[in-house]
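Subject: A structure for you to look at

Hi there,

Here is the structure I promised to pass on to you. Please open it next to this email, and then read on for what turned up.

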Amino acid sequence: MDRMNWNTRTDNRAERLARAAQALGTQREGKRVATEAIGTLLEAVLEPGDRVCLEGNNQKQADFLARALVQVDPQRVHDLHMVQSVLALPEHLDLFENGVASRLDFSFSGPQGARLAQLVSAGRIEIGAIHTYLELFARYFIDLTPRVALVAAHAADAEGNLYTGPNTEDTPAIVEATAFSGGIVIAQVNELVDGRTTVLPRIDIPADWVSFVVKAPRPNLVEPLFTRDPAQISEIQVLMAMMAIKGVYAEYGVQRLNHGIGFDTAAIELLLPTYAESLGLRGRICQHWALNPHPALIPAIEAGWVASVHSFGSELGMEDYVRARSDVFFTGPDGSLRSNRAFCQAAGHYACDLFIGSTLQIDLDGNSSTATLGRITGFGGAPNMGADARGRRHASPAWLKAGRESRAGRGGAAGTPRGQKLVVQMVETFREHMQPAFVERLDAWRLAEQAGMALPPIMIYGDDVTHILTEEGLANLLLCRSDAEREQAIRGVAGYTAVGLGRDRRAVENLRDRGVIRRPEDMGIDPRDATRNLLAARSMRDLVRASGGLYQPPERFRNW
């Protein structure tokens, strides 16, 4: 009997490195590869059918490596299985059109959602699954381990140590999974330092985890994804933010939370130093955050509302402000932010008492999705952040109160006691182009049929949703005693959509009498008070002033 070889991955890695060394010749010095030789390197180390992680994050993009990968010879490199968080760049889908890649596992597709749907319907892409971020990272260490990882960092030294700067994001999870399973790690960097006269501010990824480093011709793309101009916040969003603060945050004493992306949640952040302050809530709510350094949070930080913020990624223009507020943010000795998407997702899932976000569609069961007909956007972190953590074992007042309400809603407090995470869907009843946010049936079901998915791409399941908030009012689904009551509670805040017009008016009024549905006036809120004057900042320039000039908005947000 032949002896088993237990080192095939190690041997294969050595073969790939040897091919690269031979192909590169004098275009390689140690781990550093000449910029113009990136195509040669990729064709030397990649093999058909490889599982490849191309770092496409919410914000930071390995864009130079993406452009280079598109240019490889599909006769030599083909049928790659791409595993990456975000499809943000056209090149991420060009790979499938030119035959370099064929299979995809991802989390979010953002601006590429419509094109992705077209390629899937044409049979050009096979989707394994649409994941939440933490789920995808977990599979990197189980059954989606990359053979080759293409990542981005701010700088590297001569040995190959990497400094990722404020936008670390997904890099540690990607590199560790690859480097410790016999894989190849290639990093594009903005700067090279010699390690003698100039050293890295800190080492985020050690050199022995990195195979090759190449200097990109220009700095990697970073998208200011979470930045919202306060000038675009409407008075309806101010009203909804007032209801969120008084009807949820104050009601439960929420101290640890995560906000999704959008103007709705930006309005809440900008009302903390004004409206929430007038309610005497400082110190009682919103002290600990899992959140990117949102510029909209600056006034609340300056007013002493915020104790700590741990971040998934950074935000362009916030670097100097973060450096100057190290008591609030997680920073290194150099003063720059240390973000980490995997750890922040874990914090949002297990350590936060509330997630509040938005969606494109909600059905009568409270299921929601951002995947609509003709557009497969994925979900990012929302299914993880917006899910009750069944493994949680530590208590907090907000968590316990939600759990008591949930048990009471199911008919009594009998059984084993436990808490529940607050998951709030905050939507206007009609979206842009007068598309209703409330529907009888999610488009996700049709998408599943079209794409041959085993499950409809539902973002947050209805049984995890505790509250739905619209301009009509707040529905507390925890207090519903039956599925029929849940349906009427949802219809009761769905406004003039077809779903809202189909309500049983008597049932809705009964729910209002019980406090399941609360209109603004039921919370002591006069809609006439919901004006933009309540916002602590009403323009980007106001945010700069609030920061003491430390915040430097990206050019697209400057109108002065």
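A search of the whole structure finds 34 salt bridges, a salt bridge being a side-chain nitrogen of Lys or Arg within 4 Å of a carboxyl oxygen of Asp or Glu. Side chains of opposite charge can pair when their charged atoms come close. Please bear in mind that this is a predicted model, where local features need pLDDT of at least 70 and side-chain atom pairs count only at pLDDT 80 or more, while totals for chains, interfaces and linings use all residues. Residues are numbered from 1 along each chain as its sequence is written, and side-chain values use heavy atoms, leaving out hydrogens and water.

One of the salt bridges joins Arg 103 to Glu 126, with 2.5 Å between the closest N and O atoms. Arg 103 belongs to strand E5 (residues 101–108) and Glu 126 to strand E6 (residues 126–130), so this pair ties together parts that are 23 residues apart in sequence. The names come from DSSP runs numbered from the N terminus: helices (H or I) have at least four residues and strands (E) at least two. Arg 103 is partly exposed at 27% relative accessibility, and Glu 126 is partly exposed at 46%. Here buried means under 20% relative accessible area, exposed over 50%, and partly exposed in between, with a 1.4 Å probe and protein chains only.

Glu 277 and Arg 282 meet at 2.9 Å, N to O; Glu 277 is partly exposed at 29%, and Arg 282 is partly exposed at 44%. Asp 526 and Arg 528 form a salt bridge at 2.8 Å; Asp 526 is partly exposed at 25%, whereas Arg 528 is exposed at 69%. There is also a network of salt bridges that links Arg 16, Arg 19, Glu 47 and Asp 50.

Now for the strands. Strands of a sheet pair through backbone hydrogen bonds, either parallel or antiparallel. Two strands count as paired if DSSP finds at least two bridges between them. Eight strands form an open sheet with mixed pairing, in the order E13-E12-E11-E14-E17-E18-E19-E20. Strands E13 (308–310) and E20 (517–518) stand at its edges with a single partner strand each, so one side of each has no neighbour in the sheet. Within this sheet, E11 (residues 256–259) and E12 (residues 288–290) run parallel and are joined by two bridges, with Arg 256 opposite His 288.

Which strand is mostly covered, with eight of its nine residues buried? That is strand E7 (residues 148–156). Three bridges join E7 to the parallel strand E3 (residues 51–54), where Val 52 has Val 148 of E7 as its bridge partner. Eight bridges join E7 to strand E9 (residues 184–192), also in parallel, and Ala 149 stands opposite Val 185 there. With strand E8 (residues 162–163), E7 runs antiparallel through two bridges, and Ala 156 stands opposite Leu 162. E7 and E8 make a hairpin with five residues between them, and Gly 160 in the turn has a positive phi of about 105°.

Best wishes
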